[in-house]
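Take a look at the model below. Then read on for a short tour of some of its parts.

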Amino acid sequence: MKNISLLIFFLIVSLPLTAQPDAVYTSVNYHTKLNLDYPAEQYYTLVFKGNRSSYIEKEYIAVPIPNSKTVDYTNHEESEIFYVNNVEKTLHFQEYIDSKKYLVTANFPKIKWDITSTVTDTVLGHLCNKAVGNFRGRTYTAWYTPEIPVPFGPWKLQGLPGLILKVTDSLNQIDITATRLEFKTLKTLDEKLDLPTDYKKIIDEKTFLDMRFASRMEQIQRIRATMSREAKLGPINIKTDRTNRWEKFYEWETEPSTPSKSE
Amino acid sequence: MPKTTCKNFAQTSIIAVMLLYSYFGYAQTTISGTVTDSIGALASVNILLKDNSNALVTYGFSNVNGSYAIEDIDSGTYVLEFSALGYHTKKLSIDLTAEDETVQFNVVLHEKAMALDEVFISAEKPISVQKDTITFKTKYFINGTEQTVEELLEKIPGLNIDSDGKIRVGNQEIEKIMVDGDDFFEKGYKILSKNMPAYVIDEVEVLKNYSNNHLLKGVEDSDKVALNLKLDESAKRIWFGNIQTSLGNDNFYELKGNLMNFGKKNKYYFLTNLNSIGKDATGDIQNLINPFRLNDPGHIGDNQNANTLINLSATQLDFKKSRTNFNNAELVSLNAIFNPTEKLKIKALGFFNWDETNFYRKTTDVVYANGTDFINTEDYKLRKKAKTAFGKVDATYNISETEMLESTTKYNISTYQDDSNLVFNGLNTTENLNDKNTRFDQSINYTNKFKDKRVLLLTGRLIDENTPQNYSVNQFLFQDLFPDESTANNVKQYSVNHMQFVGVNAHLLDKKENENLLELQLGNTFRKDKLNTTFSLYDENLLLENPTGYQNRTMYTVNDLYLKSKYILDLNTFKIIGKLDLHQLFNELENNEHSDNQRPFFVNPSLGLDWKINNKNKVTSTYSYNTTNVGVLDVYSDYVLTSFRSFSKGTSGFNQLDASSIMVNYMFGNWSDRFFANTFFVYTKNHDFLSTQSIVEQNYSQSEKIRIHDRSFFIISSKLDYYFKSISSNLKLDLGYTKSEFKNSVNNSALRQVTSHNYSYGLELRSGFKGFFNYHLGTKWTTSKIETTITNSFTDTISFLDLTFVLSEIVDVQLQSERYYFGSLTSKNEYYFLDFEANYQFVESKIKIGVTGKNLLNTKQFRKYTVSDISTSSIEYRLLPRYILLKLEYRF
């Protein structure tokens with residue numbers, strides 16, 4: 001009798017924790033290494049359930065000299081979040097200009113992925129296939145795993161028949177790698193899957209880029225005007241060269257090399 | 001029907017059928033269908049089409065209704081795979097033939113329980129985040145016309161450079177300027193910022209919460225700031241530099257040369273600066289020779305200096321020293337950093353500075369002193385010749401990752417020869433002062449980080465400094481003091497202060513889990529001062545007398561055994577800092593064969609509170625009670641000559657002086673906000689202090705230090721910045737009020753109260769236009785008032801207008817104009833100055849030419865008015881006249 005109850009006890013204790021898919025969401029941590037203007041590292045978390053995903057900014061660290069930790073001086077109060085809805089085919093992101101939150105609607109990235117490669121790799125314990133695609137002037141190599149059959153991925157990259165666990169670009173300036181993956185119950189979700197409602201305005205991406213440029217210009221002018229007497233100022237030189245921009249050109253631009261005002 | 005038509009029709013039909021057959025024969029199939037689960041349609045399901053070798057041919061997703069369609073598939077055998085998260089994958093083997101136009105597969109997927117306790121983690125370690133550096137992309141702020149790093153740094157937002165080159169971030173002075181992570185000069189950074197060319201700098205980093213000692217990073221509570229200049233790639237590991245020569249009228253010239261090589265292992269920086277335009281290229285030699293580092297663990301004895309009794313000064317306030325500094329200066333500085341092994345770093349620094357300066361001043365003093373009224377006039381011409389040689393070797397050895405040994409050896413020799421020609425009340429007087437200063441300074445520091453957040457530092461320091469002075473005046477103004485010496489006609493004084501300091505200190509820092517910090521220090525410092533002064537009366541070269549009461553043989557030793565403790569309580573938005581210092585002193589004083597000793601014990605507590613109310617509002621406050629032990633200049637017993645007509649004497653006994661102080665600072669916003677304001681006030685009460693009891697006569701004054709109760713000092717200051725977007729201009733408001741109260745006695749009066757008030761209001765408007773033109777104008781009023789038995793006050797105004805035209809990256813022109821108005825002078829109280837500079841850079845070339853004109857309105861002197869507690873004075877200074885320089889710069 002005692003043995004049976006002990007056995008039952010052990011069975012109950014050793015039963016794996018499971019849940020129905022409806023009550024589960026997935027959380028993936030990504031570590032981004034950038035080498036655009038200067039080396040920087042970022043941490044993001046991708047959460048998704050069903051047809052929607054949110055890619056949420058966690059930390060930003062720039063490391064120009066060893067043994068020092070640096071932070072860009074334009075600190076956001078809240079995070080940058082990208083919202084993808086795979087059924088409605090929409091991409092939104094929340095951004096700040098002058099400390100005010102805006103909800104920006106972007107063209108849904110239609111990336112023609114080349115999936116013909118048979119090369120495979122293992123990332124984070126999952127077997128991944130290789131896909132190559134172009135988006136806004138950069139060629140990305142994405143490693144996706146059909147073992148997690150969702151079309152999501154980091155940043156604005158999606159549309160592959162499997163979760164993208166690693167992305168690099170052809171110039172070796174961008175490297176995004178998943179470092180942690182978990183399935184969790186909805187009760188523990190405190191990140192946002194729904195679009196925010198506390199924004200000042202909804203604007204489209206081109207308008208957002210123009211507004212952000214104007215706001216940065218104004219901030220520079222303001223800072224120059226607070227200098228002491230010994231500082232002599234000259235005209236502002238804006239480098240419009242895009243080689244160190246993540247997105248090198250946008251769909252609405254006619255020629256890729258037109259330096260629009262967008263930074 | 002004719003036979004041919006039939007045949008044609010058949011042929012055509014066969015061709016037509018064949019064509020149709022081929023069209024259908026190589027037809028591509030569309031695979032479509034719906035995907036559902038037990039409840040209903042499933043959207044976003046992965047549909048993969050794989051061929052026989054399991055390679056992925058194409059893929060699609062189901063839409064919101066669960067329907068999918070995959071088009072243009074060639075005939076063949078495939079595997080059609082349906083997968084979705086939380087469902088079992090379904091695979092179908094399909095065979096597409098040419099005839100199939102569309103094939104339909106509707107699929108039902110079955111739920112699969114998802115495992116929740118499986119976590120996939122990669123082996124990568126996350127970086128710990130410490131938000132303490134800000135990087136500035138300088139490209140938005142510079143225009144390429146910056147000559148030196150100082151001019152480059154002036155343009156970085158948040159960095160303020162004051163008129164003598166001291167660099168601050170916010171209110172905090174920077175510790176050092178590093179170049180690619182290596183530091184040459186520590187607090188003496190001005191020599192680098194004033195000389196190093198700006199064009200080699202790519203980026204400027206502001207490192208906040210900086211620790212001089214890398215083992216203390218993350219442990220000590222530091223609000224120190226350091227700058228790191230990152231070199232342009234093209235400037236690394238090669239010899240580069242520049243030479244700049246400027247020549248003008250009347251022997252005005254400037255020659256600057258820099259030669260640098262910044263490699264990974266070794267860095268070299270040689271510079272030279274010769275000029276006669278009033279510039280001080282060392283930027284304050286004292287900071288190079290003996291920097292004072294407040295609250296820096298591992299440093300004791302920074303504030304220990306020998307004293308000099310006489311100083312023929314050439315100082316004036318109000319505007320740029322370069323306007324009154326008639327000089328001829330030569331500076332050569334050789335600096336190198338070697339890294340012979342991974343663990344060892346050696347820094348060698350040496351400089352030689354020769355400077356000859358001339359200074360001209362005319363003063364009229366109207367003196368009211370209890371019972372005496374007189375007017376003194378002085379026409380003062382001073383020539384100072386200073387020679388300084390300084391050498392320093394720093395060695396840092398990293399014994400291990402947690403242990404470090406540092407040693408610093410410094411040696412300094414300076415000689416000064418000051419001669420003045422003075423017409424005092426019509427009497428021709430000359431002063432000669434010969435100074436020599438030799439200083440030897442050795443310090444050793446051992447740091448051991450024995451636990452992750454616990455550090456122990458052991459420090460030792462030895463200083464030996466000697467400052468002999470020989471002073472002579474060729475007049476005898478002291479008949480009233482020495483009535484018996486009727487033949488005396490000149491005086492001499494020999495004085496020397498020989499100071500020896502030995503100190504040892506053990507410092508423990510322990511940062512707790514909850515971010516609280518405990519610091520304990522146990523140490524002993526020993527300082528011995530020998531002060532010998534000999535005052536002699538001469539008749540020509542014949543020594544008449546060394547009068548009694550005017551000779552000192554003083555030896556003063558202070559031994560301080562102390563225990564210092566500090567605890568920082570870090571609670572979210574509050575930070576509470578508590579300090580308690582215990583001192584047991586052993587004092588010995590010998591004054592002209594009279595000895596005394598004393599063993600005072602005292603406690604110095606302090607309490608501070610920092611409150612970060614929110615992102616925009618921050619308050620810091622401190623209360624402290626301090627007892628200080630007086631120095632050798634306060635304890636000697638006999639009179640000493642401190643200028644051609646004044647004597648001074650100490651208290652001839654021990655003294656400990658108590659003071660309480662309270663400080664509050666409130667900051668609203670950040671410097672990058674549109675509106676930024678900072679207000680602070682300080683109130684200090686000295687419960688005991690050393691004031692003076694003086695006799696003031698026309699030809700001489702004698703002053704004796706006496707101990708008095710209650711002196712107070714109060715200052716409140718407020719600075720505001722507001723940016724007007726409509727005119728792209730920033731308005732700065734600077735308001736301040738200082739009040740100070742103390743007592744003294746003049747000409748045997750009772751103790752009388754002296755109150756001084758100082759009000760200042762300043763207004764500035766500066767543009768931040770994007771284009772080639774920018775303006776900057778401002779005005780500042782200062783009112784000073786002194787109340788004793790009478791009240792004297794005056795108001796001065798300074799206004800300026802600067803215009804900048806940067807026509808392109810090649811040409812720029814700057815115009816600066818100033819107006820000074822000195823209230824209370826009845827005439828000649830308004831002065832105007834105009835300076836300009838124009839530069840032209842030859843495109844693609846290493847050559848740049850320029851023209852500089854200073855004081856174009858040729859204002860030769862200016863007069864100002866000042867008050868003290870016994871006099872009102874009108875002072876006239878001679879200024880460097882108009883000069884124009886032609887400048888040529890060559891970079892290599």
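**Chain A**

The model is predicted. Chain A holds two helices and 13 strands. Of its 263 residues, 53% are buried. Its accessible surface comes to about 12,200 Å². Carbon and sulfur atoms own 53% of that surface. Contacts in chain A with a separation of 6 or more can also be sorted by distance in sequence. Residues 24 or more positions apart account for 51% of them.

How confident is the predictor in chain A? The mean pLDDT is 77, and 75% of the residues reach 70 or more. Residues 63–76 of chain A fall below 50, and this stretch has 42 contacts in the model beyond near neighbours in sequence. Residues 256–263 of chain A also stay under 50. The model has 18 contacts for them beyond four places in sequence.

**Salt bridges**

Over all chains, the structure holds 43 salt bridges.

| Pair | Closest N to O |
|---|---|
| B:D869 and B:R752 | 2.8 Å |
| B:R819 and B:E830 | 2.9 Å |

Start with B:D869 and B:R752, which form a salt bridge. The two residues are 117 residues apart and link distant parts of the chain. B:D869 sits in the loop between β47 and β48 of chain B, while B:R752 is in strand β41. B:R752 counts as buried because its relative accessibility is 15%, and the cut-off for buried is under 20%.

Next come B:R819 and B:E830, also joined by a salt bridge. Here the separation is 11 residues, with B:R819 in strand β44 and B:E830 in strand β45 of chain B. B:R819 is partly exposed at 24%. B:E830 is partly exposed too, at 39%. Some salt bridges share partners, and these join B:D302, B:K410, B:R439, B:D441, B:R461 and B:E465 into one network.

B:K785 is partly exposed, with a relative accessible area of 26%. For B:E787 the value is 26%, so this residue is partly exposed.

**Inside strand β44**

Strand β44 of chain B spans residues 811–822 and includes B:Q816. Is B:Q816 buried or exposed? B:Q816 is buried, because its relative accessible area is 16%. Its side chain makes a polar contact with the side chain of B:D802, at 3.5 Å. Beyond neighbours within four places in sequence, B:Q816 is in contact with several residues, including A:R229, B:K320 and B:F833.

B:L255 counts as partly exposed because its relative accessibility is 30%.

B:D72 has a positive phi, near 60 degrees, and is not a glycine. B:D72 lies in strand β4 and is exposed at 55%. B:D250 is not a glycine either, and its phi is positive at about 50 degrees. Where is B:D250 found? B:D250 is in the loop between β18 and β19 of chain B. With a relative accessible area of 60%, B:D250 is exposed.

Notes:
Residues numbered from 1 in each chain as written. Chains lettered and ligands numbered in written order. Predicted model: local features only at pLDDT ≥ 70, side-chain atom pairs only at ≥ 80, totals over all residues. Heavy atoms only, no water. Helix = DSSP H or I, 4+ residues; strand = E, 2+ residues; numbered from the N terminus. Buried < 20%, exposed > 50% of the residue type's maximum accessible area, 1.4 Å probe, protein only. Polar contact = N/O pair within 3.5 Å; in protein donor to acceptor, adjacent residues only side chain to side chain. Contact = heavy atoms within 4.5 Å. Areas by Shrake-Rupley, 256 points an atom, 1.4 Å probe, with all protein chains shown as cover. pLDDT = per-residue confidence, 0-100. Salt bridge = Lys/Arg side-chain N within 4 Å of Asp/Glu carboxyl O.
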